[in-house]
Amino acid sequence: MPEEADYVVDRRDHLGAKEFAEDYVRQARPVLVKRALEGCSALSRWNLDYLRTEVGHQQIPLKQWGSSGIQTVQTSFEAYVDHLKRYESQLQDRTATPDQKPAYLHDVPLTSILPDANVDLDKFPSDYFPNWYRAEWWKFAQLFLGPADSITPLHFDCLLTHNLFFQISGRKRFVLVAREQLKYCYPHHWRWCEVNVEEPDYDRYPLYRIAKPAEVIVEPGDALYLPPGTLHHVRSLDCALSFNVDWHTKDSAVKGALACVRGMPWKNVYYNLVIALGLWGGISPKRLFPYYRSYLNYVS
């Protein structure tokens, strides 16, 4: 079996929108953009105390991964922040016995937590997105908040979208595997993979020896671009706050809809068709977003 080429993730500073589109989006190449959120007040303003005050008693869903899949529990935001702060403080105190690690506030609509998030992101590089998304891109954003060592196992994004991931505070380590190497990662349930990339069991998963993963550390203010189908395993190195935007081009929306022949769940196909209608048919996001909104709370 021929050896696969190494997977390379470029690191760029102040990447312009035209260069981003031509060198990375069109060529399906990942890139880490340093200081992409430079000048956004969210970087200093969105700390745990500020979020606790803003969100308060609101109920939020937390996720935990287990042998039976993803489990979701509900709690108030303020109780969650208190748990996070207590846990992180205990980790710093070697004489303390930490509480049970808090669950993960994972993939929830950004505007469900911060309705006016765009105000604190006024320097956001919205020109990275196609025009269709640009005017109200924040409606498509999803937020992540969790303790150190929060993990999302190896997977690809379920609609086969482009993904721009932005770090606000803390650091995250991404292990990326090219979409062409999915066959080496033992996929199941459409988008998840059985192999643990941090401690691969080569006896159970021998094909993973052929895979060529790349590791990327995303720091506050950085953005990481993942082309459609890119496999990624994510670990928070600190208590971390992030958000991402899943988005389509005309080409990726069509490919996403046609992925039904490769096993994409029909619910996912539906969401891709909604976006394709907007991109190809000129129907405004305002008219179509109500049909897409449920995707932002979709557990897949």
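This is a predicted model: local features need pLDDT of at least 70, side-chain atom pairs count only at pLDDT 80 or more; totals for chains, interfaces and linings use all residues.
Helix α8 spans residues 266–281. Helix α9 covers residues 285–292. Two packed helices are described by the angle between their axes and the distance between the axes. Here the axes come within 10 Å and cross at roughly 180°. That makes α8 roughly antiparallel to α9, because angles over 145 degrees count as such. The contact involves named residues on both sides. Helix α8 contributes Y270, Y271, V274, I275, L277 and G278. Helix α9 answers with L288, Y291 and Y292.

Helix α8 also carries W280. This tryptophan has a relative accessible area of 53%. W280 therefore counts as exposed, since the cut-off is over 50%.

Now turn to the charged residues. Side chains of opposite charge can pair when their charged atoms come close. The structure holds 15 salt bridges. One of them joins the side chains of K34 and E219, at 2.9 Å from N to O. This pair links distant parts of the chain, 185 residues apart. K34 sits in strand β2, residues 31–34. E219 sits in the loop between β12 (214–218) and β13 (223–226). The two partners can be told apart by their accessibility. K34 has a relative accessible area of 5%, so it is buried, the limit being under 20%. E219, with 34%, is partly exposed.

A further bridge connects two helices. The side chains of D82 and R52 meet at 2.8 Å, N to O. D82 lies in helix α4 (residues 77–92) and R52 in helix α3 (residues 48–55), so the bridge ties together parts that are 30 residues apart in sequence. D82 is partly exposed at 30% relative accessibility. R52 is also partly exposed, at 30%.

What does R179 form with E180? The two form a salt bridge, with the closest N and O atoms 3.4 Å apart. R179 is partly exposed, with a relative accessible area of 38%. E180 is partly exposed too, at 48%.

Finally, look for a linked group of charges. D149, R173, E198 and R235 are connected in a network of salt bridges.

Definitions and conventions
Residues are numbered from 1 along each chain as its sequence is written. Side-chain values use heavy atoms; hydrogens and water are left out. Helices (H or I, at least four residues) and strands (E, at least two) are DSSP runs, numbered from the N terminus. Buried means under 20% relative accessible area, exposed over 50%, partly exposed in between (1.4 Å probe, protein chains only). Axes are lines fitted to C-alpha atoms, for helices over the stretch in contact, and angles run from 0 to 180 degrees between N-to-C directions. Angles under 35 degrees count as roughly parallel, over 145 as roughly antiparallel, 65 to 115 as roughly perpendicular and the rest as oblique. Contact means heavy atoms within 4.5 Å. A salt bridge is a side-chain nitrogen of Lys or Arg within 4 Å of a carboxyl oxygen of Asp or Glu.
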